[in-house]
Each structure stands twice: as C-alpha cells, then as structure tokens.
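Colleague: I am new to this structure and would like to learn how to read it. Could you take me through a few features one at a time?

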Protein chains: 4
Amino acid sequence: MIISMRRHASREEIEHVFERLREFGYKVHSIEGEERVVIGAVGVGPYVESCLESLRAASGVETAVRISAPYKFVSREFKPAKTAVRVNGTEIGGSEFIVIAGPCSVESEQQLMQTAVAVAKAGGKLLRGGAFKPRTSPYDFQGLELDGLKLLQKAKRETGLAIVTEIMSDRDVELVAEHADVMQVGARNMQNFSLLKALGTCGRPVLLKRGMSSTIKELLMSAEYLVAHGNPNVILCERGIRTFETETRNTCDIAAIPLLNGLTHLPVILDPSHATGKRRLVPPLARAAVAIGADGIIVEVHPNPEKAISDGAQSLKLQDFAAMMTELEPFIELWKHSRSRELAAAV
Amino acid sequence: MIISMRRHASREEIEHVFERLREFGYKVHSIEGEERVVIGAVGVGPYVESCLESLRAASGVETAVRISAPYKFVSREFKPAKTAVRVNGTEIGGSEFIVIAGPCSVESEQQLMQTAVAVAKAGGKLLRGGAFKPRTSPYDFQGLELDGLKLLQKAKRETGLAIVTEIMSDRDVELVAEHADVMQVGARNMQNFSLLKALGTCGRPVLLKRGMSSTIKELLMSAEYLVAHGNPNVILCERGIRTFETETRNTCDIAAIPLLNGLTHLPVILDPSHATGKRRLVPPLARAAVAIGADGIIVEVHPNPEKAISDGAQSLKLQDFAAMMTELEPFIELWKHSRSRELAAAV
Amino acid sequence: MIISMRRHASREEIEHVFERLREFGYKVHSIEGEERVVIGAVGVGPYVESCLESLRAASGVETAVRISAPYKFVSREFKPAKTAVRVNGTEIGGSEFIVIAGPCSVESEQQLMQTAVAVAKAGGKLLRGGAFKPRTSPYDFQGLELDGLKLLQKAKRETGLAIVTEIMSDRDVELVAEHADVMQVGARNMQNFSLLKALGTCGRPVLLKRGMSSTIKELLMSAEYLVAHGNPNVILCERGIRTFETETRNTCDIAAIPLLNGLTHLPVILDPSHATGKRRLVPPLARAAVAIGADGIIVEVHPNPEKAISDGAQSLKLQDFAAMMTELEPFIELWKHSRSRELAAAV
Amino acid sequence: MIISMRRHASREEIEHVFERLREFGYKVHSIEGEERVVIGAVGVGPYVESCLESLRAASGVETAVRISAPYKFVSREFKPAKTAVRVNGTEIGGSEFIVIAGPCSVESEQQLMQTAVAVAKAGGKLLRGGAFKPRTSPYDFQGLELDGLKLLQKAKRETGLAIVTEIMSDRDVELVAEHADVMQVGARNMQNFSLLKALGTCGRPVLLKRGMSSTIKELLMSAEYLVAHGNPNVILCERGIRTFETETRNTCDIAAIPLLNGLTHLPVILDPSHATGKRRLVPPLARAAVAIGADGIIVEVHPNPEKAISDGAQSLKLQDFAAMMTELEPFIELWKHSRSRELAAAV
C-alpha cells in the first residue's frame, strides 16, 4: 500500500497515518521527497479496502493505492498452470478450442431441436439457450422458464451437447443447476454478489460474463467471489463493453483476452454476438478470437433469425454458422499448434 | 417505428418488411426517397422490441428504430402531475427539499445513534445506512445484516427518522421490508430484474439508483418494471456514471435531473457522495442539486470518517454535515419559491 | 515516482531499476514487502514522462507512477491566490459572475447586432460568436471568416461588449488576435499543441475548452502549455464530456468545477449549451453553475434559433436569455456573498 | 430525414415543419400515427446538418434524424471496389498485408538506422518515426523536427523503406511532404479541420488515425474532408479508443475493422501498440488484425525500448519484432487466400 501525503502535510498528519497503518497491522516505511512524503505499508491485513478508505479520509493524505492485486485464488501468481474446466467430457481451457452456440432464447421445441442438431453437426460442443431472460423492458418476452429448461434437457439427450443457460436469481440456483451443465451469469448480474455467493456451492461450472461497464479487475474480483465461496470452475467471457460508440451494440475489448491470460489461470472465451450486435461481424470476430488465443467462443444461432424473439439481428442462420465453422478450421489448426507448445512448455 | 431500407434494397425485400409489420399488427406507410425507401409503422403491438429485432434481422433493412418511448406508466405523458412519494409523514417530490443522510454501512450501535441524532438535529428527514453491503471484494466487510436492520429500527425509534436501506436479493425482500421505510436498489442491481419484480409487491417505496453505466432510458425502464409489477412509489437517484475520468469516483451527470423532470413524473434526487467520491466536493454538489431543482439529496455522513469501514473518503463529518445544511438554507429558500410556483401552475 | 516490481522480480532486475533511476537524477528508496519490492524515487529530473516510460519498459517492473502533479504554473500549490483574467475592464475569476453569450456562428450583420444588443441589455459582459467554424462535415457552413471577425468588431463598437471568438489554426493567430479580446480554443483543438504554442505569445487571454474526452489532468496540461509558452491569462471551460449517454449531446461534468478550483488558480466557467445540447436544460444548468461556484458561463443565444445555421437546438431565444438572466439574479447574489468571503479570507 | 413530432403537437407546429422542409428543398411525407405524427423528407439539400439543427429547434419537434450517410466519396455505395493506396511501389489495401514499423520518435541516427535495417530485414514495408511529437506535457521531448525528417530520408535511402511521419500543423505541410511518403494525422488531430483541408492538396497519401473518442462516423467524415479537398489516398487506422478501462492504454475497437470494411472502400490498418500500450499484447493483437482482415498494421519497434524517449512500454525490441513477423506468416498465408478470393469476386 502506498500513501502519498499532500505537499506541506504536517508532521502530525504524517505520524497519524503511521499510527493508523500500524493499527491495521502494517509495517511502515516513509520516503521523504523534496515535495512530499510518501509512505509504503508492507504486510497484508484484513479488510484492505477499508484500510485504504480510512487512509483516504485522513487529514493530509492525497492518495492511497494498493499495490498487490486485490484477487488471490484466480491469479496466475497463485496458480501458474492454466485451469481446464471440465464439462460433460469436454474441457474449456484445455487442448481444444470450444464453440458454444445456440439461440438467445429457448422459444419452442422445434426451434431448439433444429438449432441443437445443426450446432452439433457443425462441431459445436455446448448448446446455449436462455430460459430466464433479463429484458430491459417489463413488456418483452421473459423466457419460458421451467419449460425452457426441460427443452434444453431434451436437446441434450438428443444431441449429446452440454447445456449452458442463464441464472438470474439466487432463488433459482437449485432449479437451474438440475437442468444445466454450465450456469451462465449475465453481464447485468456480474456484480450481483448474492447470486455469486449462491453459485459458489452449486456444483456446476459458471460462465461469468463481463459486466458492460466492468473493468478487468472487477471481473476478476467477481470470479474471486465464486472461487472463495467454493467453486473453482469458472469460465470468463468477454462480451463487449459500453462506450460512446454506437455503430456496434458494444465495443469488443479483444485485448482483454491476452490480458486476462496473463493475469489469471481461468479460461477466457469471447461472445462475438453480443460484442457487436451485428450478424455480419460475428465471423470476422470469431476468427480474431481464435487467432488471439481465446479458449473458445459463444455464438448466437437461430434457424430463422427474423422470427427470433430476441437478438435476431446478431444471430447467425444455421447455414452461416456451418460456413463459419468451416472457415475457422485452418485458424483452429494454428491455435492447436500454439496451444500444444504452451502445454508442453508448462510441464 | 421507422424502418430505413438499404440503398438498392429490392422490391421483394421491401414487400417482405411490409408483410412482417402487418403480421405484428402495424399499419404501414412507405416513403420512396431518391436514395432509399423508408417505412413508417403505426400502431402499438405487443413485444415491440422483438418486432424491432426481427426487422433488423430481415434482408435489406439498414436500421429499425422505435419512435415512441419504451416506457409508459412512469412517463410525464401518461401522468403529467409530479408524483410525491410519501414516507413516514414526509413527501419526496412534494413541497420540501428532502435530505437523506447517514453512514455508508451500519457498523455499531454507537456509530449509528450518534449519526442519526446529528442528522435529525441538522434537518435531515430520513436516515440511510447499509445492513447488506455489495462489495467488490469477497474479503471485505459484507454488512451486519439482520443486526444492522435492528439497529436502524432502534435509530428510527429514537430520532423519528424514516429508514432507507439497501436490498440486494429477492430472497431478502420480506425481511428488509419489515425493518425499512424505503427499499434502496443499488447501482449494481438496477437491472437485477428478479429483484425489481419482487419489489413490485413489497409494499414500500423504492429508491432506485441509476446503474453506473445505465442510460436515462434504462433507468426509466427499470422504474417501469417496479410500477408495472405493482409499486407506484419510486424515487429515482442520480449517483454518477462511469466514464474515462478518474479524478472523481464517478462522473455526476447533473443534467439528468432536469432531463428526468421532463420525461417522468417520479421524484429525482442526487447522491453527491457516490457521484464524486470526495468529501470536499459534496457541499458544492449539494448546492447545485438544490439550484437545479432536484427533489432531494442522499449524503454519506459518519462520526469519524477515518474509522469508517467503507466510503470514508466521501463521508462528511457530523459538523461538516451541519455546516452544509446551514449553507444550503438560502438555496432551499429559492427552491421553495420556485417549487410553489410550479405546484400552483400545475393546479 | 513509485515503481512497483513484479512478484518474484530478480535481484538483478531491481538493481537495474535503481541504476536507471540514478541515471535520471533521482534518489532511490526501496521497500521490501512480503510480496514484492516497491521503489520510491525522490527528486525532479527532466523528461519525467520519458523516465516513467523507460521504467515501464524495464524487465521486472509492474507499474511506474508519478506522485507529483505533472503541471506546475497552473497549480494552486504554485500560486495559491485565484487568478482574475482582465478583459476590457471586466475580470473573469474576480468578484463578479461573468456571462458570455452570443450565437454559435456569426451569420449576418443583422443577426449579430440584434443578439449583441440583447446580450448587453440583459447583463452579458462578453459576446461570443464563431467566424471560423470547426464542422464535422466538409459540406456544412465553415464560417464567415474575416467578414465574421469584422462584424464582431462592429458589434463591440456598438455595444461595448468584449469579443470571444474561436481560433482554429496557428496560421490565423495574428489575424484573430487583431479582432478578438479573448481567443477561444475549441474542444477539438484542446490538444492541438502547435496552436497552443502559438497562442503563448498572442497577447490575448485564451478561453480553453476541455476536450470532449480529455481528463481534468490533460486540460490542466494544455493550460500549462499556454502558460509555459508565455500566456498567463487562461480561462478554463467545462463543456461536457463524451460518454455512453446519448440523451444529452455531452455529459456535463459539473463536479469538474469545484475540483478544478482546488487544483488550479485559473478561473473556470461552464458552457451549459454544449454540455447538454438542449435549450430547455440550459437555464437549470446555469443555476447549478452559479450555485457550485463557477466564475461564469458561456451561453449560445440566437434571435431565431430555428434559422440558426448551427446549434439551433441548444440556443436560447433572446427573450429566454433575458428571462434566464433575471432568474439567475438571486443565485448570483448568494454567489457574491460567498465570493467576497473567499476573497477576504485570501488576503 | 425523419422528423418525429411530440405527442399532442399542434396542427400549426406540424404545418410549420412542412414549410421549413420545403424551404430547404425537400419533398415531404407525413405519417399520422396514433400517438404522434412522423414526417419523412425526401431529397438532398445543401447544409443537411443545418436543416436538422433548424428542425430540432422548431416548436413541437421531438427528434430529427438523417437517414442517409453524411459522407459520400468515402462510402462503399459511392465506390464499391476497394481502394489500394500506392506508396513507393507498395499497395496498402491491395493483395499484400502491409507492416509499418519503427520507433515512436526519431531520437538519433544510430537508433533510427538500426531500427530501419531490422524492420526491412523482417519484412516491414514502411518505416514509421515521429519528427514532430504531440506531447501532453510542454516539458517533454517535442521531437527532432527538421533533423528528424532528414534522418528519416537517410533511412529511406539506405533501406528502401517508404516513410510515414506525423504532421501536426497546417504550417508544416510542405516541409513534411518533402520528406515523407505518407503523412500521418495523429489521433489528437483527427478533427483538426484546418490541417485536413491543407492535406487535401499535399500530394501525399494520408494515414488518418481515429481520434481517441471519435466515432466511426466521425472518422469517415474526417476522411471525407481529405477526399473532398482533393486527396483520394487515405488510409484509416484504428488505434484504440478511450473508455473507462485503464488496464490497457486504450481499448482496441477491433470490430471497427470489419465494420469499416463494409462502410468504406478505403484501406484500414490497426495500431496494436497504441491500442494496448503494453508490449506483450502487441503480437496477439497483430495476429487478430490479420485474422479479422485488416489491410496492415503499424507497430512501434525500438532497439532499446528502455532507453526510448517515448512509448518504451509498448515498443517491441528488434528481435521480438522479428519473432512476431515469423509467427504471423501462417496467418498472413490465410489472409492472402481470402483476399485473392475477394479480389477475384470483385472483378
């Protein structure tokens, strides 16, 4: 922790900060500059944020910043080897590039089965589909709920695809965990801490989407909630952030992928559908995801996007999805070479 | 709804959009420009967003935008007279400028009582204080929970101040509603739709904070959730949005206040503490809030900000709060003149 | 300067940083934490940014941040007393709240004279009006240029109002300085360093608008360019920043005003017209500017906003401007009391 | 142009808008909805923005939006075939993926020659290097100016690499055009319209960097300035935008590349160095740029990043640049296949 005092801070103010730091259990070092005094605090006390807040409130203090990362279990420093999350015989974060695909919402048996069969045939490994839908408007379709979950189960039985579906409330954790292989936390719930705590013990891997205005650090802190509450199987997902640009639905922060790869051992995937909101941008973004070293992608696919209840504009048609999968093949080959070198180097 | 076709869209594509619009129950008008065809759709069908999404996914369509506001019950057009939310004998949105104050977190009986007494004495009308705390880190103080709620009740008994406290999960609605006069939805939960639905029938007014990256429209849609699910007593709160600027904790979007006043009949207050994150900016922002015509403010106050477990840097000391209240007086006088003219004009 | 080494940085890496810092002329202090080593560097060498960049590029370094402010002449620490910029017998930053008003563009003699007379009559002290116009599109009106400057001169002769007009290129500095009392640097040119350097010796005060995505620190650095190149008469202007919110043209960062007041001695004004882009929001924002302690406002006014070539939607009609000025009076009274107390305290 | 009237707009207000539109030369169509009247205006008058502004200022108008794109010459609709900008025997936007590399600033003969030789050897086609440097602080290195330009010329003679260098003022256009093959407009000058106009007739291709808070539309409008003023040889460059995320220097908006490819015929390249600010993120971003279909990249390279006067943290060492070029090879092979298919399809 580094505390920078104001210019002309008094000796009393400086001494007071020393005392406070010692109360919180830190060892204190001071650097007397020409302009101001800077204080370094060594050690790790409980409630680091509270200590920082406290110091910021103290007289004579200009800034107080923490140096160590605020997360622990999810950091590469804590666990240097990449985590592979196992789902239904497949590994996310392992030696395969994983494609998750399916409709935004589960709408009907026919829509879901047709999509699931196409996803499986084209090489997708998991099926996505929302049964509980977070909608900005109370007047729009809110999802088929339990009926949707049952349809997802049916699709799984018929195609063998594992199921990823969204969980919106800590009240529904048990119900969703019964039907899903992976529990998806949507962008709007990334900092729904009650939900994160409840998912710590749900017994299912969690696909954690980055909040639309969340920093990388906050994403990792939310992952830390899951791990600290008992669930080490977390998959991170970059899905675009909110910026001033409106040509795309969100701004795809693709650099977050290699950045996260350096900071955490958890697998990281890209959602090119939400990141752009435009169907024609999905295949180029998917190629970029492979090239940059993501662990997979999650893509919206619909048999008839025009009749989709939600996200039609960004959903691929079944044949476009198949074409994209073919186009990705040589890129995935390069990905595999690179990944196998990394895995060999890690041994 | 206005659908703008691409240049060179084919006759079939245009006809197809006509058909889709009619299926959704709209009357269709087309304008044949020199460059492109623009289609106007009149009427209000169900699932407007779905219809828009559908059209955006149709071949030949460039953009599809809705013209009418997506919210209804909360709009000024629906209810031109301003709503005054009644809490414990006080009205927010009425003829008084309301000050809500208190600590970020309830920490102890002594801390809370000392603050409550000071708030009441200086002219505050409601006491704020968190018993359930949303914290970015799983390792920081998470609130006193039920014990905190009980202390708030005690403070209410001793000072007569009504209680505002945060609700984080739909599971806790009943418990919090038993102890609080106003249910606060924090910025991170503004789009926690499960929680909003549950609060529709909680029987308590809701203080809805704007999400840190939520648009004005989204804030109004979340308020619409509350009203549509049965709760007309909603107080909106601007608390700063997330931008590139880091000198302040958030960027206070003060223009949101008169803007909201034009769009909705619901009362709007400002939280200058979270909006800036810096104690010394709170009094000037509070003056601005009065001058711009907010219905009130919500301010963090602490007997000893340096020992605060959270938000110390932005909390006012008790004497600073009292000084601010005194300084606000002549501004509040001007506010009252202006408000009484408005109320008279509305009759 | 504080350099935080990576966990497990080697002894060589740490020693290397020591050496580099000494080469740059700093004294070095190191703090050996449990997790990592943090190095403090004391002293002020030339090219601080280069030194930081260099350290960030060094092996084993995680972060390198400067502690001292990057600006000097504009800081309150350098000059504690507020600067009053004298223009034509008026002071901006002194004991009067200054209103600058006028059309976005100078369009015609009639338009300008009519506006100027109304501005003067309502109590405005300076006349704004663009002769060189920065327009996003090459196909839109680019300003009357020299003819516009001459009209501004004429308006000054007839009304006594001093002239504020925009300068867009270092090539035009002499020409504009001949006709204007205050040289306005627009938001898009805030970091046009060639222009800033040329304005250092122009002999006229500069009204420096904050760039639409510039931080407070960058605004102060651009002011520092002006002062360091010879021009101490700088007026800062908050005019809204670009964010994700689109209901208003920009997001008015009103907290920047008290924040800047703490960091710099230069006067700070608000432009409520550009900050919001909506005429009806201008008067409430103007009230807030007075209440929060700005040194003045700059407002767009037009005799017939609907026929304005630019910014019609945000321009006040002449009678609305007069009404706003009347409405501001009691707020300005409060402002004066507060300002005279500050000036007395500063003696 | 679509004008949406307010609910309850009067007949007079609607008629007035009709009149105004006709004055501006538009044909008018109105759609009478249940809630409000929407007016479509067909035709293309001069000063479209002025017309829109005018309508927005009219009584009873809620919104007025343009439907047609505000740019013309740079649009794909105007010129469907991709533009290849020819520089010194190389084509940017043609059948080769182009790598531009070099130091941020020209610092010395040795530094520049060493870098140029390494860039040429590794397969770079153009040499970048700044002689005029836009620096946030007036106290930092401002570039070698003319001496820098001469060194760039020397490097060109010795290696055959064409030269890309930044131009900061319309006053220096002739001087820089004498020494450079491509004139670079930096992010801070993207809307320096005086400079853009001057570059219209400079006789050199222009590399136009996206402003750090500029939209895609604004980038295209700035390109339109160049083309409308006589210069059809424009290369667009995505270099990251400013957002709330601070882990990277900017947020790389990679989706801008395929998006621009659909909207304009101009070539588009990526600057992964400024987009991220972190050396280790440059190679993965470069791979993504190839995979997504950019026309090239511009990368910062330095023989000794630690001793770089600017941008050391994001500059690649010479050997790292060579390694990256090798690593890119198979991706560039895939790029070429795809590009040759596109070129064949366009015939």
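**Reading the copies, barrels and helices**

Modeller: Of the residues of chain D, D:Ser213 comes closest to the rotation axis, its C-alpha lying at 3.0 Å. The model is predicted, so local features need pLDDT of at least 70 and side-chain atom pairs count only at pLDDT 80 or more, while totals for chains, interfaces and linings use all residues. Residues are numbered from 1 along each chain as its sequence is written, chains are lettered from A and ligands numbered from 1 in the order in which they are written, and side-chain values use heavy atoms, with hydrogens and water left out.

Colleague: What rotation and what shift superpose chain D on chain C?

Modeller: In general, two copies of a chain are related by a rotation about an axis and a shift along it. Here, a rotation of 180 degrees with 0.0 Å of shift along its axis places chain D on chain C, with an RMSD of 0.0 Å. The two copies are thus related as by a two-fold rotation axis. The superposition is by least squares on the C-alpha atoms of residues with pLDDT of at least 70 in both copies. The same surface serves both copies, since 100% of the contact residues of chain D recur in chain C; contact means heavy atoms within 4.5 Å.

Colleague: Which residue of chain A comes closest to the rotation axis?

Modeller: For chain A, that residue is A:Ser213, at 2.9 Å (C-alpha). Chain A is superposed on chain B by a rotation of 180 degrees with 0.0 Å of shift along the axis, RMSD 0.0 Å. The same surface serves both copies, and 100% of the contact residues of chain A recur in chain B.

Colleague: In what order do the eight strands of the barrel in chain C close?

Modeller: Strands of a sheet pair through backbone hydrogen bonds, either parallel or antiparallel. In chain C, eight strands close into a barrel in the order 7-8-9-10-11-12-13-14, and the pairing is parallel. From one strand to the next the twist averages 25 degrees. Two strands pair if DSSP finds at least two bridges between them. Strands (E, at least two residues) and helices (H or I, at least four) are DSSP runs, numbered from the N terminus. Strand 8 (residues 126-128) and strand 9 (residues 162-166) of chain C pair in the parallel sense over three bridges. The bridge partner of C:Arg128 in strand 9 of chain C is C:Val164.

Colleague: Which helix lies across strand 8 and strand 9 of chain C?

Modeller: Helix 4 (residues 146-159) of chain C does, running at about 160 degrees to strand 9 of chain C. Axes are lines fitted to C-alpha atoms, for helices over the stretch in contact, and angles run from 0 to 180 degrees between N-to-C directions.

Colleague: At roughly what angle do the axes of helix 7 and helix 8 of chain C cross?

Modeller: The axes of helix 7 (residues 216-228) and helix 8 (residues 256-263) of chain C cross at roughly 50 degrees and come within 11 Å. That makes helix 7 of chain C oblique to helix 8 of chain C; angles under 35 degrees count as roughly parallel, over 145 as roughly antiparallel, 65 to 115 as roughly perpendicular and the rest as oblique. Residues making the contact include C:Leu219 of helix 7 of chain C and C:Leu260 of helix 8 of chain C.
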